[in-house]
Amino acid sequence: MAAAPIVVHRPSPTGGRRVTVRRAGRDEILGLAHSDRDFVVFLEGAGILDPALIVDDPVWVEWRGGHAHEWDAA
């Protein structure tokens, strides 16, 4: 099974989590999300339709280094 194309990386020391998407074989940084809303906005900006429906789908999103939906500093 291929890795999920969207990765929410571990929380940063100052809060927030980097969000990347794999496109054309390369990882593209979408931004540093501090909330679920930030995350959804980044996905919308990347052209993903109905992003709120995929944030908990492991086929699409991999949450690394922490629990899903946790945005506080590490």
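Mentor: Start with the buried residues of H1: they pack against E1, E2, E3 and E4. Contact here means heavy atoms within 4.5 Å. Buried means under 20% relative accessible area, exposed means over 50%, and partly exposed lies in between, with a 1.4 Å probe and protein chains only. Helices (H or I, at least four residues) and strands (E, at least two) are DSSP runs, numbered from the N terminus.

Keep the ground rules in mind: this is a predicted model, where local features need pLDDT of at least 70, side-chain atom pairs count only at pLDDT 80 or more, and totals for chains, interfaces and linings use all residues. Residues are numbered from 1 along each chain as its sequence is written, and side-chain values use heavy atoms, with hydrogens and water left out.

Now the residues themselves. Phe39, Val40 and Leu43 are buried in H1. They sit on the same side of H1, because they cover an arc of only 95° around the axis. That arc is taken over the directions from the helix axis to the C-beta atoms. Look at the face turned away from the buried side: the exposed residues Arg37 and Gly45 are there. After H1 comes Gly47, with a positive phi near 90°.

Next, the sheet under the helix. It is open, with four strands in the order E3-E2-E1-E4 and mixed pairing. Strand E3 (26–33) and strand E4 (61–63) are the edge strands, and each pairs on one side only. On average, neighbouring strands of the sheet are turned by 20° against each other, direction ignored. Helix H1 (residues 36–45) packs on this sheet and touches strand E1 (6–11), E2, E3 and E4. The direction of H1 makes about 145° with that of E3. Axes are lines fitted to C-alpha atoms, for helices over the stretch in contact, and angles run from 0 to 180 degrees between N-to-C directions.

Take the pairing strand by strand. Two strands pair if DSSP finds at least two bridges between them. Strands of a sheet pair through backbone hydrogen bonds, either parallel or antiparallel. E1 and E2 are antiparallel and share four bridges. Within that pair, Val7 has Thr20 in E2 as its bridge partner. The E1–E2 hairpin has five residues between its strands, and Gly15 in the turn takes a positive phi of about 105°. Strand E2 (residues 17–23) also runs antiparallel to E3, joined by seven bridges. Val21 is partnered there by Glu28 of E3, and Arg23 stands opposite Arg26. The E2–E3 hairpin leaves two residues between the strands, and Ala24 has a positive phi near 50°.

Stay with E2 and pick out Thr20, which lies in that strand. Thr20 is buried, at 4% relative accessible area. Its side chain makes a polar contact of 2.9 Å with that of His9. A polar contact is a pair of N or O atoms within 3.5 Å; within protein, one must be able to donate a hydrogen and the other to accept it, and residues adjacent in sequence count only if both atoms are side-chain atoms. Leaving aside residues up to four places away in sequence, Thr20 touches Pro5, Ile6, Val7, His9, Glu28, Ile29 and Leu30.

Now the charged pairs. The structure has three salt bridges. A salt bridge needs a side-chain nitrogen of Lys or Arg within 4 Å of a carboxyl oxygen of Asp or Glu. Arg22 pairs with Asp27, the closest N and O atoms lying 3.3 Å apart. Arg22 is partly exposed, at 44% relative accessibility. Arg23 and Glu28 meet through their side chains, also as a salt bridge, at 3.3 Å from N to O. Glu28 has a relative accessible area of 34% and is partly exposed. Arg23 is partly exposed as well, at 34%. Then there is Glu62 with Arg64, where the closest N and O atoms are 2.9 Å apart. Glu62 is partly exposed at 28%, and Arg64 is partly exposed at 36%.

Finish with the segment after E4, where Ala73 is found. Ala73 is partly exposed, with 44% relative accessible area. Its C-alpha atom is 19 Å from that of Glu62, eleven residues apart along the chain. Residues up to four places away in sequence are not counted here: Ala73 touches Pro11, Ser12, Pro13, Thr14 and Gly15.
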